Amino acid sequence: MKARNKRIIFILIGLCTVGAASAMITKAMQSNMAYLYAPESVMAGEVPKERLVRLGGLVKKGSLKRSDTSLDLSFVLTDNRGHEVTINYDRILPDLFKEEQSAVVKGKFDANNRFMAEEVLAKHDAEYMPPEVKDVLAKEHSYPGKKSTPSNAATTDKATYE
């Protein structure tokens with residue numbers, strides 16, 4: 001075999017290796033992404049079923065219901081415009097979780113169309129509201145400081161949540 005043919009084969013093997021590695025990295029990153037949706041998007045049917053997503057909004061006053069015998073609980077996320085989503089959770093809530101405060105939940109809709117949360121993130125102080133939730137609520141005209149960034153931008157960080 002000539003040196004030229006060996007170089008071509010070496011380059012082709014290198015390109016295939018780089019392509020395969022890129023495909024694996026892209027697939028791994030896509031599985032870790034969770035898009036942020038507002039309750040309005042859920043009511044409109046825009047949220048994919050059985051796929052990990054994040055929902056952001058305010059915890060409705062009086063909606064927190066705990067089980068007497070287990071960690072199971074439910075609460076309602078709202079955008080204060082009549083759009084509400086009931087969240088089911090079976091773990092301990094963060095200490096800073098309160099009604100009438102902003103929260104972001106990560107989870108998915110099950111086959112019965114119930115949102116099963118894997119993680120609940122609560123805000124840190126009375127002044128701070130997560131940028132994603134602020135954008136979602138501003139889009140719904142229920143919170144001042146409207147921004148033009150899309151509310152369903154993909155993120156993988158937890159920012160300042162617990």
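The legends below accompany several close-up views of a predicted model.

**View 1. The whole chain and its secondary structure.**
The predicted model contains three helices and eight strands, and these elements follow one another along the sequence in the pattern α-β-α-β-β-β-β-β-β-α-β. Of the 162 residues of the chain, 35% count as buried, while the accessible surface comes to about 10200 Å², with 54% of that area belonging to carbon and sulfur atoms. When contacts between residues at least 6 apart in sequence are considered, 55% of them join residues at least 24 apart.

Ser74 belongs to strand β4, which covers residues 73–78. With a relative accessible area of 18%, Ser74 counts as buried because this value falls under 20%. Leaving aside residues up to four places away in sequence, the contacts of Ser74 are with Ser63, Leu64 and Lys65 and also with Thr86, Ile87 and Asn88.

**View 2. The salt bridge between Glu84 and Lys60.**
Four salt bridges are found in a search of the whole structure, and one of them joins the side chains of Glu84 and Lys60, with an N to O distance of 2.8 Å. This pair links distant parts of the chain, since Glu84 sits in strand β5 (residues 84–89) and Lys60 in the loop between β2 (53–59) and β3 (65–66), the two residues being 24 apart. Both partners are partly exposed: Glu84 has a relative accessible area of 32%, and Lys60 has one of 34%.

**View 3. The salt bridge between Glu119 and Lys106.**
The closest N and O atoms of Glu119 and Lys106 are 3.9 Å apart, and the two residues form a salt bridge. Glu119 lies in strand β7 (residues 115–122) and Lys106 in strand β6 (residues 102–109), so this pair ties together parts that are 13 residues apart in sequence. The two partners fall into separate accessibility classes, in that Glu119 counts as buried at 19% relative accessibility, whereas Lys106 is partly exposed with a relative accessible area of 24%.

**View 4. The salt bridge between Asp110 and Arg114.**
The side chains of Asp110 and Arg114 meet in a salt bridge, in which the N to O distance is 3.3 Å. Asp110 counts as partly exposed at 21% relative accessibility, and Arg114 likewise counts as partly exposed, at 42%. In general terms, side chains of opposite charge can pair when their charged atoms come close.

**View 5. The largest nonpolar core and the contacts of Leu55.**
The largest nonpolar core has 21 residues, of which Leu55, Phe75, Ile87 and Val105 touch the most other members. Strands β2, β4, β5, β6 and β7 are the elements that give two or more residues to this core, and β7 gives the most, with four residues. Not counting residues up to four places away in sequence, Leu55 touches Leu36, Tyr37, Val42, Leu77, Val85, Ile87, Ala103, Val104, Val105 and Phe115; this list includes Ile87 and Val105, which are named together with Leu55 among the core residues that touch the most other members.

Apart from the largest nonpolar core of 21 residues lies another core, made up of eight residues, among them Leu58, Val133, Val136 and Leu137.

How values were computed:
Residues numbered from 1 in each chain as written. Predicted model: local features only at pLDDT ≥ 70, side-chain atom pairs only at ≥ 80, totals over all residues. Heavy atoms only, no water. Buried < 20%, exposed > 50% of the residue type's maximum accessible area, 1.4 Å probe, protein only. Contact = heavy atoms within 4.5 Å. Areas by Shrake-Rupley, 256 points an atom, 1.4 Å probe, with all protein chains shown as cover. Core = buried A, V, L, I, M, F, W, Y, C linked by side-chain atoms within 4.5 Å.
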